[in-house]
Amino acid sequence: MPCHEGEVVLFSREEEEERDYYQEVRKYTRFEDGSVRLRNPHVSEMDQDILYHLALGSGSHDLVEMFSDVKFVCMGGTPKRMESFAYYIMDEIGYKLPAGTTLLDISHRSYRYSMYKVGPVLCFSHGMGIPSVGILLHEVIKLMYHAKCKDPIFFRLGTCGGIGIEGGNLVISESAVDGLMQPFLELPVLGKMQRKPALLDKQLAHDLKNLRRECDPFTITVGKTMCTYDFYEGQGRLDGAFCDYTEKDKLEFLNRIHAENIVNMEMESLCFAALCHQAGIKGAVVCVTLLNRLNGDQVATPKETLNKWQEYPQMLVARYIKKSLGLPVDVPQRDHPQVVKCPNKHRIVRQESESVE
């Protein structure tokens with residue numbers, strides 16, 4: 001991380017090389033005005049680009065009119081979680097919908113992913129695992145291109161298993177590795193294996209960590225994330241349908257990777273990091289731990305508590321978004337539903353209306 005001495009910001013040699021790399025990549029991933037440029041010459045030659053899994057198209061929709069103001073893309077596993085985040089961020093940034101309207105799942109006719117737009121924030125569900133998040137990222141990056149979005153920032157808000165970290169705490173990924181601790185996504189393309197570096201923006205991770213408050217009910221750890229292709233055997237669990245290793249084997253493995261600064265496990269970060277890096281898009285992965293894998297495998301925490309924990313990544317990312325927009329970080333812009341002046345009177349009127357038949 002950069003360290004500050006007066007007004008001088010010092011970078012490590014590794015960070016300077018990474019910064020130079022991003023500047024070089026920017027030549028291929030941005031137009032002069034900062035809008036997203038694809039590293040694919042074929043798309044610009046197409047009459048229409050159908051974003052099949054989003055139920056959108058460059059010929060059927062005015063994507064510039066719909067999405068050019070997007071600055072932040074937030075994605076998480078389930079449609080319900082991201083719908084909740086959309087309503088949460090709407091209050092946090094004080095975004096007002098026109099009277100008589102409500103949030104709409106823009107991609108509901110795709111029956112695959114959900115998408116909600118709240119001013120400059122796009123919220124997506126990405127499903128589970130590398131194939132699902134990979135398909136979504138391809139189409140979202142293309143959406144940024146067609147909409148002429150300028151320097152968007154991507155976030156993954158998720159859950160994970162902590163390694164040496166108890167449940168209910170946050171992990172910000174500095175980079176991702178696969179189940180063999182390789183720091184890249186391997187993808188067979190035309191019969192040949194490609195390796196895409198799974199790097200994330202370290203300054204963004206640093207900025208997010210600094211937004212923690214003393215009163216927060218969670219700690220924040222920045223470290224490497226192991227991304228696996230499987231929830232059970234791939235993560236060394238003992239409770240799957242198949243298991244041909246012992247608990248001793250499992251613990252030896254977990255302790256070995258923990259010694260390499262791998263602090264959590266999940267199933268999407270490798271692809272998220274690799275594709276964001278290839279696209280020259282700043283990205284961050286913020287996950288809440290559901291358990292400490294050194295102590296067990298099963299998620300036995302009550303559902304009510306798990307739901308509360310899943311709000312923690314949302315809280316942190318919302319602070320970053322508000323700070324970027326020049327809004328007060330620690331104060332929501334609206335603490336009750338928009339157009340409601342008095343929540344108590346609103347509740348009484350609603351109850352009286354419902355009682356009349």
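## Two helices that cross

The axis of a helix, as the word is used here, is a line fitted to C-alpha atoms over the stretch in contact, and the angle between two axes runs from 0 to 180 degrees between their N-to-C directions. Two packed helices are described by the angle between their axes and the distance between the axes. In this predicted model, helix H5 (residues 202–209) packs with helix H9 (311–324) at an angle of about 105 degrees, and their axes are 9 Å apart. Angles of 65 to 115 degrees count as roughly perpendicular, and H5 is therefore roughly perpendicular to H9. The residues that meet are Leu204, Asp207 and Leu208 on the side of H5, and Leu316, Val317 and Tyr320 on the side of H9.

## The protein as a whole

The protein has 357 residues, of which 48% are buried, and its secondary structure consists of 10 helices and 14 strands. Among contacts between residues at least 6 apart in sequence, 74% join residues at least 24 apart.

## Two nonpolar cores

The largest nonpolar core has 44 residues, and those with the most contacts inside it are Phe124, Leu143, Met144 and Phe154. Two or more residues each are given to this core by helices H2 (63–67), H4 and H7 (269–279), and by strands S5 (72–76), S7 (121–125), S8 (153–162) and S14 (282–292). H4 supplies the largest share, which is 9 residues. A second, separate core has 40 residues, including Phe85, Leu97, Leu204 and Ala318.

How far does helix H3 (residues 79–93) reach from its first C-alpha to its last? The 15 residues of H3 reach 21 Å, close to the 21 Å expected at 1.5 Å a residue. An α-helix has 3.6 residues a turn, so residues three or four places apart point the same way. The buried residues of H3 are Arg81, Met82, Phe85, Ala86, Ile89, Met90, Glu92 and Ile93, and what covers them includes strands S5, S6 (115–118), S7 and S8, together with helix H9. After H3 comes Gly94, which has a positive phi near 70 degrees.

Helix H4 has 17 residues and reaches 24 Å from its first C-alpha to its last, close to the 24 Å expected at 1.5 Å a residue. Because 14 of its 17 residues are buried, H4 is largely enclosed by the rest of the structure. Lys142 has its place in H4, which covers residues 130–146, and the side chain of Lys142 is joined to that of Asp49 by a polar contact of 3.0 Å. Apart from neighbours within four places in sequence, Lys142 is in contact with Leu38, Val43, Asp49 and Leu51. Just after H4, Lys148 takes a positive phi of about 60 degrees.

A polar atom of the Thr289 side chain lies 2.6 Å from the backbone oxygen of Glu166. Beyond its neighbours within four places in sequence, Thr289 is in contact with several residues, among them Cys160, Gly162, Ile165, Glu166, Val171 and Trp309.

## Loops around strand S10

Most residues other than glycine have a negative phi, and most peptide bonds are trans. Met181, in the loop between strands S9 (170–177) and S10 (184–189), has a positive phi near 65 degrees, and with 28% relative accessibility it counts as partly exposed. Leu190, in the loop between S10 and strand S11 (192–197), also has a positive phi, near 50 degrees, and Leu190 is exposed, with a relative accessible area of 84%.

Pro183 is found in the loop between S9 and S10 and counts as partly exposed, at 44% relative accessibility. When residues up to four places away in sequence are not counted, Pro183 touches Ala176, Val177, Pro197 and Ala198. The C-alpha atoms of Pro183 and Ala274 are separated by 9.3 Å, although these two residues are 91 residues apart along the chain.

Definitions and conventions:
Residues numbered from 1 in each chain as written. Predicted model: local features only at pLDDT ≥ 70, side-chain atom pairs only at ≥ 80, totals over all residues. Heavy atoms only, no water. Helix = DSSP H or I, 4+ residues; strand = E, 2+ residues; numbered from the N terminus. Polar contact = N/O pair within 3.5 Å; in protein donor to acceptor, adjacent residues only side chain to side chain. Contact = heavy atoms within 4.5 Å. Core = buried A, V, L, I, M, F, W, Y, C linked by side-chain atoms within 4.5 Å. Buried < 20%, exposed > 50% of the residue type's maximum accessible area, 1.4 Å probe, protein only. Expected span 1.5 Å × (residues − 1). Parallel < 35°, antiparallel > 145°, perpendicular 65-115°, else oblique.
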